[in-house]
Amino acid sequence: MKVTPFSENCGAVLSGIQLSETSDADIESLRELLAEHGLLFFREQDLPPQEHERFARRFGEIVLNKFFKPVENFPSIATVSKSEKHETNIGGAWHTDHSYDEEPALGSILVARNLPSKGGNTQFANMYAAYQDLSDGLKKTLESLRAVHSNVHIYGKDGLFSKSDIADTLGGTDRVGNATHPVVISHPDSGKKALYVNPVHTIHFEGWTPEESRPLLDYLYQHTEHPKYTCSFNWQPGSVAFWDNRSTWHLANNDYHGEARLMHRITLAGSPLASVSSLL
Ligand SMILES: O=C(O)CCC(=O)C(=O)O
Ligand SMILES: [Fe+2]
């Protein structure tokens, strides 16, 4: 197995491995690489749904997304799709998945099933690197804060998607909720510090109003979106991306109107997030 950086700060490409034929030692190496880089890319994989599921289960427990439709006959695989008729896509703004849960998902394994002739890249950001470059003063302030994450304004009955043209492809408007997490986490597997706020789900700092929170959140978002911390993955048939939700963000480009794009996603269960200060 060969590991090549994908860009300066973002992602690693793994070659010389077929995910349907991994040994226990391969799985352990992948676990370590995921904790370290937060984002692994694979090309030319032969990973039909049953193999996708088998590979995911070797990493841990699968969690079901409350809003996405499952793949027929594979209840643990979520469809992430946009048809030729739709304008709206899923994940079209910077976010990390499931931060609105008390125990946010570890990450996802996304497999390309049907791709547009061009466009449809997924962008990622490295939240270890984005945190690392902040000043010591700001780091100290952020380490003492917690933030509230919600999905009500996105997946709720009056949320963003309910008004969109993909409303009928999603469900679960009554399964929405909030959770509070540290703003700087100690990553459960790597122990490294990562900035844990995101533009779609973080609504305010705990004890601060949304208005008071906005300027600092916006600063952190604009800082993280710098090309230095991000990369753009061009999907090809057989491509797989495996990301860690605790140390990365992602954004699905919506630049292929009139064409369909279908991805299969398996999400792995995570654990409660510890703040850096609680470890002192
Ligand atoms: O379709 C993609 O590239 C990613 C969409 C997304 O946000 C997700 O699957 O969590
Ligand atoms: Fe997502």
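Residues are numbered from 1 along each chain as its sequence is written, and chains are lettered from A and ligands numbered from 1 in the order in which they are written. Because the model is predicted, local features need pLDDT of at least 70 and side-chain atom pairs count only at pLDDT 80 or more, while totals for chains, interfaces and linings use all residues; side-chain values use heavy atoms, with hydrogens and water left out.

The iron ion (ligand 2) has His95 (NE2), Asp97 (OD) and His250 (NE2) as its protein donors, lying 2.1 Å from the ion. Donors are N, O and S atoms within 2.8 Å of the metal (3.2 Å for Na, K and Ca); water is not among the atoms, so sites may look incomplete. Along the chain, the donors of the iron ion (ligand 2) show the spacing H-x1-D-x152-H. His95 has a relative accessible area of 8% and is buried, and Asp97 is buried as well, at 6% relative accessibility. Here, buried means under 20% relative accessible area, exposed over 50%, and partly exposed in between (1.4 Å probe, protein chains only).

Empty space was then examined. Rolling a probe the size of a water molecule over the atoms shows where such space is left. The search uses a 1 Å grid over the protein atoms alone: a cavity is a set of points where a 1.4 Å probe fits but cannot get out, a pocket is an open set with protein on both sides within 12 Å along at least five of seven lines, and lining residues have an atom within 4 Å of a point. Grid points are joined across faces, edges and corners, and a volume is the space filled by probe spheres set on the points.

The largest pocket has a volume of about 380 Å³. It is lined by 26 residues, of which Ile90, Gly91, Gly92, His95 and Tyr155 are the closest to the pocket centre. Helix H5 (152-155), strand S16 (248-252) and strand S17 (261-268) are the elements that give two or more residues to this lining. Helices (H or I, at least four residues) and strands (E, at least two) are DSSP runs, numbered from the N terminus. By class, the lining of the largest pocket holds 13 nonpolar, 10 polar and 3 charged residues. Ala, Val, Leu, Ile, Met, Phe, Trp, Tyr, Cys and Pro count as nonpolar, Asp, Glu, Lys and Arg as charged, and the others, Gly among them, as polar.

In the whole structure, 1 cavity of 30 Å³ or more is found. The largest cavity has a volume of about 30 Å³, and among the residues lining this cavity are Thr96, Met127, Arg246 and Trp249. By class, the lining of the largest cavity has 5 nonpolar, 5 polar and 1 charged residues.

Strands of a sheet pair through backbone hydrogen bonds, either parallel or antiparallel. Two strands are taken to pair if DSSP finds at least two bridges between them. One open sheet consists of 3 strands in the order S14-S8-S16, with antiparallel pairing. Strand S14 (230-233) and S16 stand at the edges with a single partner strand each, so one side of each is left without a neighbour in the sheet. Neighbouring strands of this sheet are turned by 20° against each other on average, direction ignored. Angles run from 0 to 180 degrees between N-to-C directions, and axes are lines fitted to C-alpha atoms, for helices over the stretch in contact. Strand S8 (residues 122-126) pairs with S16 in the antiparallel sense over 5 bridges, and Thr122 has Ala252 in S16 as its bridge partner.

A further open sheet has 3 strands in the order S10-S9-S13, also with antiparallel pairing. Strand S10 (178-182) and strand S13 (202-205) are the edge strands, each pairing on one side only. Strand S9 (residues 146-150) and S10 form an antiparallel pair over 5 bridges, in which Arg146 stands opposite Pro182 in S10.

Most residues other than glycine have a negative phi. Asn73, in the loop between strand S5 (70-71) and strand S6 (74-82), has a positive phi near 70° and is exposed at 68% relative accessibility. His98, in the loop between S6 and strand S7 (107-114), has a positive phi near 65° but is buried, with a relative accessible area of 3%.
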